[in-house]
Amino acid sequence: MNRLLLVLEGVGMALEAIRGNKVRAGLTIAGVAIGVFVVVAMGAVVNGIRSSFQQDLEQIGATSFVVQRRSNGISGCDGTDEKCPDRRNPPISFEEWNLITRLPGVETVIATLGGSANFSYKNSRVDNVGYDAYSVDWPKVNASDIAPGRNFTRSEDVAGSPVVLVNDTLKSQLFGQSEAIGKQITLNGQAFTVIGVYSPKAGFLRSLEGKGPDTPRAIIPLQAAVRQLQAFRSGLQLTVRPLPSARQDEVMDEVTAMMRSRRGLKPGDRDNFYLVEQDRLLDTFNQLFGAIFAVGLALSAVALLVGGVGVVAIMMISVTERTREIGVRKALGATAGTIRWQFLVEAATLTSIGAILGLAVGALLAWVIRTNTSIPAELPTSIVVTALVASAITGVAFGMLPAVKASNLDPVEALRYE
């Protein structure tokens with residue numbers, strides 16, 4: 001009970017110090033608030049992007065993996081450097097795609113090519129629209145609602161039929177409010193028939209790639225892209241979905257063995273292709289955004305340091321102004337520990353006020369981002385707890401010197417102080 005009363009008294013002294021030293025207290029609170037805000041804002045955004053990225057990966061399937069020509073890791077080279085070994089990797093071929101589909105542990109393989117084209121309908125024209133050229137099973141890796149209309153059939157895919165699905169944004173730009181299904185449009189001068197309008201359920205990273213709902217985009221059969229639009233075949237990428245009864249590592253071994261055999265690689269030769277599972281993609285994400293978050297923590301530490309210096313300044317002034325009061329308290333039996341505790345509570349109160357303000361502004365920003373963008377920014381409990389603990393530790397650490405000075409005052413000298 002006595003300790004609780006001391007805490008309440010310390011809080012009261014902190015509020016009094018704020019009223020008596022508004023500028024210094026304001027700078028102290030602002031420094032801590034900025035530090036906490038940086039951590040909270042960065043944490044909310046990174047956590048939201050990570051959640052969105054995981055949703056994108058879950059669309060593909062927990063055990064699915066990608067077969068591609070080059071590495072996409074942070075430490076990997078992009079193939080433009082002459083010294084990059086990936087530069088010499090042959091592209092994934094259509095023959096390899098067909099061979100992988102025949103492996104016993106494989107359920108399906110979705111092939112993907114990307115490109116862009118100029119879309120036009122009568123007097124409407126939209127240039128440089130990105131399209132995805134997929135094999136027929138593409139909805140398994142790209143969750144989208146098709147309405148109105150339909151997906152292309154397997155026979156249309158094999159035949160390279162000139163059919164196309166447009167997203168809502170492209171439909172509005174080409175047709176406005178009129179019906180799109182059945183209309184003929186041109187892609188780089190080639191006639192295509194619109195068979196569906198789709199709404200992508202894209203997360204943040206897919207939106208960052210230009211595949212979000214606000215970007216005009218289209219989907220066409222893979223063979224149509226190759227035959228009608230002369231799509232760049234060397235960019236072929238495969239997404240392999242193992243059978244539910246098969247283990248991912250075993251299927252990956254099957255694919256690796258087939259690819260090495262097909263390419264005539266000897267036992268000592270390095271793989272000239274990459275198999276990328278979901279965990280590796282998530283590791284790449286964690287490396288990238290972990291580095292960004294580390295920069296945010298460094299900025300936050302600087303702001304907390306500024307707040308800590310302010311705590312020392314305002315608490316030293318408080319000790320000086322209350323020297324006589326401290327002498328009276330000691331003369332009445334207050335121990336050095338009691339005096340020290342009260343001043344530490346006062347310091348922690350100052351920084352906690354800053355932390356609460358920083359949390360409030362950070363939470364508001366997370367709400368604004370979540371409401372107005374595709375980033376599901378969320379404020380994790382761990383970030384809130386960390387921010388509050390860090391602010392309290394800052395107050396205690398920087399308030400220790402003034403608290404020790406106050407507790408060590410000689411009561412006789414303190415009573416004589418004017």
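This report covers the cores, salt bridges, helices and backbone features of a predicted model.

## Nonpolar cores

The largest nonpolar core has 48 residues. V67, I100, F119 and I185 have the most contacts inside it. Strand β2, residues 106-121, supplies the largest share of this core, with seven residues. In soluble globular proteins, nonpolar side chains tend to be buried together.

## Salt bridges

The structure holds 10 salt bridges. R125 counts as exposed because its relative accessible area is 54%, and the cut-off is over 50%. D127, at 41%, is partly exposed.

D137 and R154 form another salt bridge, with the closest N and O atoms 3.5 Å apart. This pair links distant parts of the chain, 17 residues apart. D137 sits in the loop between β3 (124-134) and β4 (144-149), while R154 belongs to helix α4 (residues 154-159). D137 counts as buried because its relative accessibility is 18%, and buried means under 20%. R154 is exposed, at 51%.

R150 bridges to E156, at 3.0 Å from N to O. R150 is partly exposed, with a relative accessible area of 36%. E156 is buried, at 14%. Elsewhere, R247, D249 and E250 are joined in a network of salt bridges.

## Helix α10 and the residue after it

Helix α10 spans residues 323-331. Its buried residues are T323, I326, G327 and K330. Viewed down the axis of α10, these residues fall within an arc of 100 degrees, so they line one face of the helix. G333 follows α10. The phi of G333 is positive, near 110 degrees.

## A nonpolar surface patch

Which residues make the nonpolar surface patch of about 360 Å²? They are L364, L365, W367 and V368. L364 lies in helix α11, residues 336-372. This leucine, L364, counts as exposed because its relative accessibility is 51%, and exposed means over 50%.

## Backbone features

Most residues other than glycine have a negative phi, and most peptide bonds are trans. The residues below depart from that pattern.

A147 and P148 are joined by a cis peptide bond, with omega about 0 degrees. P148 is in strand β4. K122 is not a glycine, but its phi is positive, near 55 degrees. K122 is placed in the loop between β2 and β3. K122 is exposed, with a relative accessible area of 73%.

N188 also has a positive phi, of about 55 degrees, although it is not a glycine. N188 lies in the loop between β6 (184-187) and β7 (190-200). Its relative accessible area is 41%, so N188 counts as partly exposed.

Note on methods:
Residues numbered from 1 in each chain as written. Predicted model: local features only at pLDDT ≥ 70, side-chain atom pairs only at ≥ 80, totals over all residues. Heavy atoms only, no water. Patch = residues over 30% accessible without salt bridge, like charges linked within 9 Å, V, L, I, M, F, W, Y side chains within 5 Å. Areas by Shrake-Rupley, 256 points an atom, 1.4 Å probe, with all protein chains shown as cover. Salt bridge = Lys/Arg side-chain N within 4 Å of Asp/Glu carboxyl O. Helix = DSSP H or I, 4+ residues; strand = E, 2+ residues; numbered from the N terminus. Buried < 20%, exposed > 50% of the residue type's maximum accessible area, 1.4 Å probe, protein only. Arc of directions from axis to C-beta. Core = buried A, V, L, I, M, F, W, Y, C linked by side-chain atoms within 4.5 Å.
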